[in-house]
Amino acid sequence: MLVLKAANFEDIEQEYLFVRDMLPDENGVTNPWAGISREAFEAQALPDMIAYAKGECLPEGYVPETFFFLWDDDVIVGQFRVRHHLCDSLREGAGHIGYLIKKEYRGKGYGKAGLRLTLEKARRIIPEDEIYLRVSRENPASLHVMLANGGYIHHETADRCFVRIPK
């Protein structure tokens with residue numbers, strides 16, 4: 001069964017392994033904790049993730065952001081992040097939601113299902129009338145996931161599509 005769970009200490013072991021193994025930047029999803037030690041994850045990364053959701057300890061220019069992990073039974077298959085509101089840099093940048101499905105689970109419907117679950121949560125958090133997402137033109141599978149979840153292409157640049165999903 002698929003479940004979306006916010007970052008928490010109860011699931012630290014699997015969250016740690018997932019975050020440690022994420023690349024520093026993959027398809028626009030950044031991970032400042034790539035390769036982190038278990039000790040540093042527990043002492044700094046996970047507390048930061050939890051604090052960010054409360055709007056605490058945010059780096060300058062950041063908005064509150066909730067880190068969710070997508071679980072298929074007892075395995076984390078993806079990570080979804082919901083930024084609680086837009087600032088100028090997010091409005092024409094990364095938008096409200098960023099996500100990553102672990103490489104070995106791609107192409108199996110996890111992105112589509114995970115975004116659907118994330119949108120359910122995001123609609124209760126985000127004050128704007130539409131949910132903003134951005135995707136690289138080099139990632140048509142992710143664009144398909146967004147469109148399949150009710151999105152439409154709002155505008156495009158040479159290398160990106162900017163998608164909006166009505167609340």
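In this predicted model, Y132 has R164 of β9 as its bridge partner. That pair belongs to an open sheet of 3 strands, ordered β7-β9-β8. A second open sheet has 4 strands, in the order β1-β4-β5-β6. Helix α4 touches strands of this second sheet and also lies across β7 and β9.

**Three-stranded sheet**

- Pairing in the β7-β9-β8 sheet is antiparallel.
- β7 (130-136) and β8 (152-156) are the edge strands, each with a single partner, so one side of each has no neighbour in the sheet.
- From one strand to the next, the twist averages 30°.
- Strand β9 (residues 160-166) is joined to β7 by 7 bridges, and the two run antiparallel.
- Helix α4 (residues 110-125) lies across β7 and β9, at about 145° to β7.
- Helix α5 (residues 140-148) lies across β7, β8 and β9, at about 160° to β7.

**Four-stranded sheet**

- Pairing in the β1-β4-β5-β6 sheet is antiparallel as well.
- β1 (2-6) and β6 form the edges, and each pairs on one side only.
- The twist here averages 20° from one strand to the next.
- β5 and β6 run antiparallel and are joined by 5 bridges.
- R81 stands opposite G98 of β6.
- Helix α4 packs on this sheet, with contacts to β1, β4, β5 and β6. The direction of α4 makes about 35° with that of β5.

**Nonpolar cores**

- In soluble globular proteins, nonpolar side chains tend to be buried together.
- The largest nonpolar core here holds 24 residues.
- L70, F80, I97, Y99, L115, I131 and L133 have the most contacts inside this core.
- Two or more residues each come from β4 (65-72), β5 (75-83), β6 (97-101), α4, β7, α5 and β9.
- Helix α4 gives the largest share of this core, 5 residues.
- Beyond its neighbours within four places in sequence, L133 is in contact with A94, I97, Y99, L115, M146, C161, F162, V163, R164 and I165.
- Another core lies apart from the largest one and has 19 residues. Among them are I12, Y16, I36 and W71.

**Helix pair α1 and α2**

- The axes of α1 (residues 12-21) and α2 (residues 38-53) come within 11 Å and cross at roughly 95°.
- The two helices are therefore roughly perpendicular to each other.
- On the α1 side, the contact is made by I12, E13, E15, Y16 and V19.
- On the α2 side, R38, F41, E42, L46 and M49 take part.
- These contact residues divide into 6 nonpolar, no polar and 4 charged.

- N27 has a phi near 55°, a positive value in a residue other than glycine.
- N27 sits in the loop between β2 (25-26) and β3 (29-30).
- With a relative accessible area of 49%, N27 is partly exposed. The cut-off for exposed is over 50%.
- D73 also has a positive phi, near 55°, and is likewise not a glycine.
- D73 sits in the loop between β4 and β5, two strands of the four-stranded sheet.
- D73 is exposed, at a relative accessible area of 56%.

Terms used. Residues are numbered from 1 along each chain as its sequence is written. This is a predicted model: local features need pLDDT of at least 70, side-chain atom pairs count only at pLDDT 80 or more; totals for chains, interfaces and linings use all residues. Side-chain values use heavy atoms; hydrogens and water are left out. Axes are lines fitted to C-alpha atoms, for helices over the stretch in contact, and angles run from 0 to 180 degrees between N-to-C directions. Angles under 35 degrees count as roughly parallel, over 145 as roughly antiparallel, 65 to 115 as roughly perpendicular and the rest as oblique. Contact means heavy atoms within 4.5 Å. Ala, Val, Leu, Ile, Met, Phe, Trp, Tyr, Cys and Pro count as nonpolar, Asp, Glu, Lys and Arg as charged, and the others, Gly among them, as polar. Two strands pair if DSSP finds at least two bridges between them. A nonpolar core is a set of buried Ala, Val, Leu, Ile, Met, Phe, Trp, Tyr and Cys residues joined through side-chain atoms within 4.5 Å. Buried means under 20% relative accessible area, exposed over 50%, partly exposed in between (1.4 Å probe, protein chains only).
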